[in-house]
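Subject: Structure handover

Hello,

Here is the structure I said I would pass on. My notes follow below it.

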Amino acid sequence: VTREVTLVDLLDRLLGGGVVISGEITLAVADVDLVQVSLRALVASVDAVR
Amino acid sequence: VIYVYAIGDPQPGVDAVCEGDLAAFVRRGVARPPAPEHEALARHDRVVASLAERGAVLPMRFGSLVDGERGLRELLTERGDQLRQQLDHVRGRVEIGVRAVWADRGPCPSPAPTGRAFMQAKLDRHRAAQRKADELHEPLAGLAADSVLTLCPHADTAFSAAYLVERAHAESFAQRASSSADELTVTGPWPPYSFSG
């Protein structure tokens, strides 16, 4: 089995999984969550084209 | 500002902030949060995957930044017990991913004439996804140390699942998953992204 990495697999894991740090020391995670929505829309439209 | 890739057992020769027996693997001097673009996501994954090959790690969510070493040490101290427990759970194991796409693009709920019809279509689709998961996911889950199931994660996908399996059995598990149904896409081995939250 190859390590077949598609964008949707990366997105699901890197933006949906992992240890989340919260509180004062977090700077970026909230921004990423916002961008995730638009990225998912992008992925959906790319899939539709294929 | 420090970018954090993962937390895990200390490893020699890697930039890390350590607190007791826990290490946070970092890149220092990061100016601003990385945009979640393909290249940056792939780089995060490459770094975490290479760490995971050399020792037990819990990947951080993409884009995790801390102000400085002090904040990071506090995190390792405050959540130390929980992090160690999670590390023990993933140690020696890898994640295998499985996606089941709808063979016919699915009972799609999109243009329905009324709100009621839309909700009914959505419910039907969810039930169909659950049946598919009962049939295809459950047997695989029984072979794994742990598993996570998401129904209807994307429009074209009935379910996606992640399985935590012994590294030595990853190949045979993946083979078994691929051969159980044509509609399954199997990926991995991954670092334990889905078992670190």
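I start with Ile96(B). Leaving out residues up to four places away in sequence, Ile96(B) touches Ala161(B), Ala162(B), Tyr163(B), Val165(B), Ala170(B), Phe173(B), Ala174(B), Val186(B), Thr187(B), Gly188(B) and Pro189(B). Please keep in mind that this is a predicted model.

Core

Ile96(B) belongs to the largest nonpolar core, which has 26 residues. The members that touch the most others are Ile96(B), Val98(B), Phe159(B), Tyr163(B), Val165(B), Phe173(B) and Leu184(B). At least two residues each come from strand S6 (93–101), helix H4 (115–141), strand S8 (157–166), helix H5 (170–180) and strand S9 (184–190) of chain B. H4(B) supplies the largest share, 6 residues. A separate core of 22 residues lies apart from this one, and its members include Val17(B), Leu58(B), Leu83(B) and Ala162(B). In soluble globular proteins, nonpolar side chains tend to be buried together.

Aromatic pairs

Over all chains, the search of the whole structure gives 3 aromatic pairs. In one of them, the ring centres of Tyr163(B) and Phe173(B) are 5.2 Å apart with the planes at 50°, so the pair is tilted. Since Tyr163(B) is in strand S8 of chain B and Phe173(B) in helix H5 of chain B, the pair ties together parts 10 residues apart in sequence. Tyr163(B) counts as buried because its relative accessibility is 0%, and Phe173(B) is also buried, with a relative accessible area of 5%.

Another of the pairs is formed by Trp190(B) and Tyr193(B): their ring centres are 6.1 Å apart and their planes at 70°, so this pair is edge-to-face. Trp190(B) is buried at 2% relative accessibility, and Tyr193(B) is buried with a relative accessible area of 0%. Chain A comes in here too: Arg13(A) lies over the face of Trp190(B), 4.5 Å from the ring centre.

Glu95(B) is in strand S6 of chain B. Is Glu95(B) buried or exposed? Its relative accessibility is 0%, so Glu95(B) counts as buried. The side chain of Glu95(B) reaches the backbone nitrogen of Tyr193(B) at 2.9 Å, and it makes a polar contact of 2.7 Å with the side chain of Ser194(B). Beyond four places in sequence, Glu95(B) touches Arg13(A), Ala162(B), Tyr163(B), Gly188(B), Pro189(B), Trp190(B), Pro191(B), Pro192(B), Tyr193(B), Ser194(B) and Phe195(B).

Backbone points to check

Most residues other than glycine have a negative phi, and most peptide bonds are trans. Two places in chain B deserve a look on that account.

- Gly188(B) and Pro189(B) are joined by a cis peptide bond, with omega about 5°. Pro189(B) is placed in strand S9 of chain B.
- Cys152(B), although not a glycine, has a positive phi of about 45°. Cys152(B) sits in the loop between strand S7 (146–151) and S8 of chain B, and it is buried, with a relative accessible area of 17%.

Cys152(B) is also among the contacts of Thr157(B), along with Arg99(B), Ala100(B), Val101(B) and Trp102(B), when residues up to four places away in sequence are not counted. Thr157(B) lies in strand S8 of chain B and is buried, with a relative accessible area of 1%. The side chains of Thr157(B) and Asp156(B) are joined by a polar contact of 2.8 Å.

Chain A

The mean pLDDT of chain A is 59, and 32% of its residues reach 70 or more. In chain A, pLDDT stays under 50 over residues 23–30, for which the model has 19 contacts beyond four places in sequence. The value also stays under 50 over residues 33–50 of chain A, with 13 such contacts in the model.

Helix H1 of chain A covers residues 7–16, and Gly16(A) lies in it. Gly16(A) counts as partly exposed, at 44% relative accessibility. Its C-alpha atom is 15 Å from that of Thr6(A), 10 residues away along the chain. Apart from neighbours within four places in sequence, Gly16(A) is in contact with Leu11(A) and Arg61(B).

Regards

Conventions
Residues numbered from 1 in each chain as written. Chains lettered and ligands numbered in written order. Predicted model: local features only at pLDDT ≥ 70, side-chain atom pairs only at ≥ 80, totals over all residues. Heavy atoms only, no water. Core = buried A, V, L, I, M, F, W, Y, C linked by side-chain atoms within 4.5 Å. Buried < 20%, exposed > 50% of the residue type's maximum accessible area, 1.4 Å probe, protein only. Helix = DSSP H or I, 4+ residues; strand = E, 2+ residues; numbered from the N terminus. Contact = heavy atoms within 4.5 Å. pLDDT = per-residue confidence, 0-100. Phe/Tyr/Trp six-rings, centres within 6.5 Å; stacked < 30°, edge-to-face > 60°. Lys NZ or Arg CZ within 6 Å of the ring centre and 35° of its normal. Polar contact = N/O pair within 3.5 Å; in protein donor to acceptor, adjacent residues only side chain to side chain.
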